[in-house]
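Dear colleague,

Please find below the structure that I am handing over to you. My notes on it follow directly after.

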Amino acid sequence: MNRRRFMQSAVSAAIAASLPANRSLGAILSGSGGVNADVNAITGDGAEVTLQRAAVKELGDALRGNLLLPGHEAYEEARRVLNPSIDRHPALIVQPKGIADVKDAVDFARESNLLVAVKCGGHSPSGKSTCDGGMMIDLSLLRSTRVDPGRRIANVSGGSWLGDMDHDTMKFGLVTTAGTVSHTGVGGLTLGGGFGRLARRFGLAVDNVLGVELVTADGRFVRAYPDENPDLYWGVRGGGGNFGVATNFKFRLHPMQREVFGGDIGFPMSEARRMLRFYAEFSTQAPDELYLDGGLVSIPGGFSGVYMHACYSGDKRNAEKVIAPLRAAGTPLFDTIGPMDYVAMQRSGDISDPRARGTYMKSGFTAEISSGMIDAIVDGWQEHPDRGMYVIWQHAGGAINRIAADATAFAHRYVTHDTLFLMDWAVDIDPAPHIKWLREYFATVEPFTSGFYTNDVMESSQTMVNRNYQGNYERLVELKNRYDPTNLFRLNANITPTA
Ligand SMILES: Cc1cc2nc3c(=O)[nH]c(=O)nc-3n(C[C@H](O)[C@H](O)[C@H](O)COP(=O)(O)OP(=O)(O)OC[C@H]3O[C@@H](n4cnc5c(N)ncnc54)[C@H](O)[C@@H]3O)c2cc1C
């Protein structure tokens, strides 16, 4: 538990301790004396709406979890998302403690026609998990992992973080694919795809989903499994948060040793072009057990050069041999690759102070890292003391490519790498010129990409989003028409209903 979350739960615990046993924590958390006044809010279409005090109070009283209104300390914490550039104020925040609370929140939002945001880990770069004037459904109290080692499955609650899941499954010598930062939400990552250090071996997170349970826009609890609502089971594996609030994910687990072989290696910027060419070839031919991110990095006051991050999760007797060509490819400036605990590696990219730096990113999927792409990256690279720059290929391919494009809603089965252009800056500078520069730089590389990862996208038109679902789009629209015809869940890579 990090410091922020600890403080939040400590506040709740202190308040709970002072309550008579029969008082609702939700009502108290909505302000001293409960809900004091009508609440001004925004509908999904952006119209203003007034929520009657009595109705809001009724919602708070019905919850086992919390209802947070502006002015409360816990509200300030809950409304935030990872990206500090996003500063939105929902009219109300519901923190469900169970499915019943999720149903109450969804029913209230639908009946009041509210704009709805669903937050799990809060990592959406564009801040899709928060909103101004609507209802945020903050799933932070729904965090648990139940491992069934015999059947090699894990049931993971819809508000869990990746680190929760890795920690609990690895205890049994079992894993499933998760992303590379442990405080990312299982909810957002999985529903949109889910790349990570094990995806080349075991497929994307969605490829390991055996079923999802969710509360749909009409307030129903629906099971999406291969034999129960199979269309929805198909759609939630890549269709994002379009179909409801996922309360539980059932994952397939795989046996894996705890110790992997990996770490970081850096080469001088003077070797950029040659090393990126090496990376393109080496990563494309790598065994599925080797995950290798690579690219260019410039950290103000820190390392600037070619950076690669490796995780070899196969038989440890082969590890040195698999990594050897990488070590021999150039003159490493540093090399931390060696035996490492998998769960520790999964935490190694965590952000200790997310409030300190603003972020911006552009990205696109790549089926081949061509010489032209490498030239565009190296020729356009410009360092600046005010910005951190990371042009990184996240390694894909392997098992991801062996699944048909229409087997799940995630269509981009050709992806060998996700090309990420990331930038960060100290929050006290004006990022506008840097963002402009990054956009122009990425525009020179974008022609070498094909489609994009909806989970990474910060800005895109509805037409681009529609097109990005590729051949699966029509089927997704049919599902959206069936499960969310009024587009209650619209803050996502939205599939606009046509019904
Ligand atoms: C630092 C960082 C590292 C990342 N690393 C990776 C990586 O290694 N691999 C990778 O694939 N992606 C990665 N991503 C992208 C990541 O997949 C997306 O940001 C994803 O949206 C994060 O999920 P979340 O639950 O934290 O986000 P949130 O912001 O909480 O949610 C994003 C959206 O997901 C939906 N959602 C979330 N939970 C639920 C739920 N339970 N039910 C219904 N809808 C829900 C909502 O529509 C919401 O708007 C990374 C992002 C960041 C910022």
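In these notes, a residue is called buried at under 20% relative accessible area, exposed at over 50%, and partly exposed in between (1.4 Å probe, protein chains only). The model is predicted, so local features need pLDDT of at least 70 and side-chain atom pairs count only at pLDDT 80 or more, while totals for chains, interfaces and linings use all residues. Residues are numbered from 1 along each chain as its sequence is written, and side-chain values use heavy atoms, with hydrogens and water left out.

The protein chain contains 16 helices and 21 strands, taken as DSSP runs (helices: H or I, at least four residues; strands: E, at least two) and numbered from the N terminus. Its radius of gyration is 23 Å, close to the 23 Å of the globule rule for 499 residues, so the chain is as compact as a globular protein of that length. The radius is taken over C-alpha atoms, and the rule is 2.2 Å times the number of residues to the power 0.38. Along its principal axes, the C-alpha trace spans about 70 × 55 × 50 Å. Of the 499 residues, 59% count as buried.

Ile 93 lies in strand β4 (residues 92–95) and counts as buried because its relative accessibility is 0%. Leaving aside neighbours within four places in sequence, Ile 93 is in contact (heavy atoms within 4.5 Å) with Asn 66, Leu 67, Leu 68, Tyr 75, Ala 78, Arg 79, Met 136 and Asp 138.

With kind regards
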